[in-house]
Amino acid sequence: MIDTDKKYFNFIDGKWCDAECGERFENRNPARWDEVVGTFPKSKKEDVDKAVKAACKAFQTWRLVPVPERARLFQKLGDLMVQHKEEISKLMTREMGKILLETRGDTQEGIDTAYYAAGEGRRLFGHTVPSELPNKFNMTVRMPIGVAGLITPWNFPMAIPCWKVIPALLCGNPLVFKPASFTPATATRLIELILEAGFPPGVINLVHGSGTQVGVPLVQHPGVDLISFTGSSAVGKDINARAGAQLKRVSLELGGKNAQIVMPDANMELALEGVLWGAFGTTGQRCTATSRLILHQEIHYDFVDKLINRANAIRIGDGLDESVEMGPCIDENQRNTVHEYVQIGQKEGAELRCGGGFYEEDECKGGWFYRPTIFTGVTPEMRIAKEEIFGPVLSVIKVKDLDEAIAVHNNTDYGLSSSIYTQDVNAAFKAMRDLEAGITYINGPTIGAECHMPFGGVKETGNGHREGGWTVYEFFSEIKTIYVDFSGKLQRAQIDTGKVKEC
Ligand code: UN1
């Protein structure tokens, strides 16, 4: 039995609670808009203040817990997530629409991140470095920073919160977590499992609500020491300006306009499967989605022909039905944005080859479905070739050789993920070097990052930090440099040096 219209709460200072104002907002299923998944506290600045105060208090004890002890709790969390994987994934499909196959992958990415942290807690290495003076010892250690403000998007409701919550806590930072208001139920399940795993309640504070009412006060709160945000470049710039005014450490994971290049020597079936998965997986609503296909002119005609046939055959519907291949857009606004871009593409002179409209057949009338859409004849200057659409729309650009493919690829403000299909090792290495992106796939689609590898982009995709892998632990900890002088006398660096006696 599906539990609809459930009442969810904030979690502040160890207690489940409503917003101070008592107001609530609804979360609905984008595949069946009349289904309310739950109601959530419509929090405001006063709730953020309470949460930050609780996190500041918790910092004083949490920072002193040995890192391997913190890590042990992540082993338990991973086990609990494995146990609840199916239930979490179904809830996620209901609240944001992507198909069950993908929400299971999303939950798995959270599980992998928890187990990775369980091991990382026994590393969190510093350096020992020789001193230039005798009887002196130099080293660096990694210290917690303070209260972490975490703001996450709706397209990966479990994986992305885990990418932030888990390393923040492992490094000793209590947190205030504001999940996207489209996916607050999955976020709440994560917090419930974290508590069940045995984390001390004060270190985790969950505040539901909008970007303006909760996100902005969180970013601006002087008690918050670092911010990690994933979302649009426009919001990222605003956060950076606000947090930068207080010199906070900020990690921004922003938009993308990712492309797959296909060369004539590529394995065509593989390239075809790759672009279908990259462009229409998650209904194109990934920051890593393939929204441009850069095709060599020699294969353009045949490739496009096959691609259109396959795109037209994609089964659209409610993601809970295992036979469905593509779910809805997140809401009506997003579907309208997608459609506006399709109209822009047509006005710009691109050729609409498939899709291009709402999908409202049979059982899909009550949801925000859009047909897989492909444009050919796209030129690099068109808006559909440059702007992030966040929907199932693919722009195909024809090129004459590898140099042009790379130039076209780089002709965007973004630089997250990139891909090339080729059997030519020279072309592959040239692409690895010259594609302006934080991630390059050879013979794989632009989506599919693994949790133990650095994740992030260049240009307007971010501000240089990386999530995932060992690199995210660098963001969530501060390096402290320590000198221990056991000579018993004043030794002056740079001055009392150069006195090596004969041995
Ligand atoms: C995102 O789109 O915001 O590589 C993250 C991928 C996923 C993560 C995507 N593992 O597509």
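Reply: Before we start, axes here are lines fitted to C-alpha atoms, for helices over the stretch in contact, and angles run from 0 to 180 degrees between N-to-C directions. Please also keep in mind that this is a predicted model.

Me: At roughly what angle do the axes of helix 3 and helix 4 cross, and what does that make helix 3 to helix 4?
Reply: The axes of helix 3 (residues 85-96) and helix 4 (residues 100-120) come within 8 Å and cross at roughly 125°. Angles of 65 to 115 degrees count as roughly perpendicular and those over 145 as roughly antiparallel, so a crossing at roughly 125° makes helix 3, relative to helix 4, oblique.

Me: How do the residues of the contact of helix 3 with helix 4 divide by class?
Reply: Helix 3 contributes Lys85, Glu86, Ile88, Ser89, Lys90, Met92 and Thr93, while helix 4 contributes Leu100, Thr103, Arg104, Asp106, Thr107, Gln108 and Ile111. Divided by class, the residues of this contact are four nonpolar, five polar and five charged.

Me: Is the crossing of helix 9 past helix 10 left-handed or right-handed?
Reply: Helix 9 (residues 268-280) and helix 10 (residues 297-312) pack at an angle of about 50°, with their axes 11 Å apart. The two helices are therefore oblique to each other, and the crossing in which helix 9 passes helix 10 is right-handed.

Me: How many nonpolar, polar and charged residues has the contact of helix 9 with helix 10?
Reply: On the side of helix 9 the contact is made by Met268, Glu269, Ala271, Leu272, Glu273, Val275, Leu276 and Phe280, and on the side of helix 10 by Ile299, Phe303, Lys306, Leu307, Arg310 and Ala311. By class, the contact of helix 9 with helix 10 has four charged residues, no polar ones and 10 nonpolar.

Me: Which residue of strand 5 is the bridge partner of Arg24?
Reply: A hairpin joins strand 4 to strand 5 through two residues, and the strands, 24-29 and 32-41, run antiparallel with six bridges between them. Arg24 belongs to the uncovered face of strand 4, with Glu26 and Arg28, and its bridge partner in strand 5 is Pro41.

Notes:
Residues numbered from 1 in each chain as written. Predicted model: local features only at pLDDT ≥ 70, side-chain atom pairs only at ≥ 80, totals over all residues. Heavy atoms only, no water. Helix = DSSP H or I, 4+ residues; strand = E, 2+ residues; numbered from the N terminus. Parallel < 35°, antiparallel > 145°, perpendicular 65-115°, else oblique. Left-handed = near helix turned anticlockwise from the far one by under 90°. Contact = heavy atoms within 4.5 Å. Nonpolar A, V, L, I, M, F, W, Y, C, P; charged D, E, K, R; others polar. Buried < 20%, exposed > 50% of the residue type's maximum accessible area, 1.4 Å probe, protein only. Pairing = 2+ DSSP bridges.
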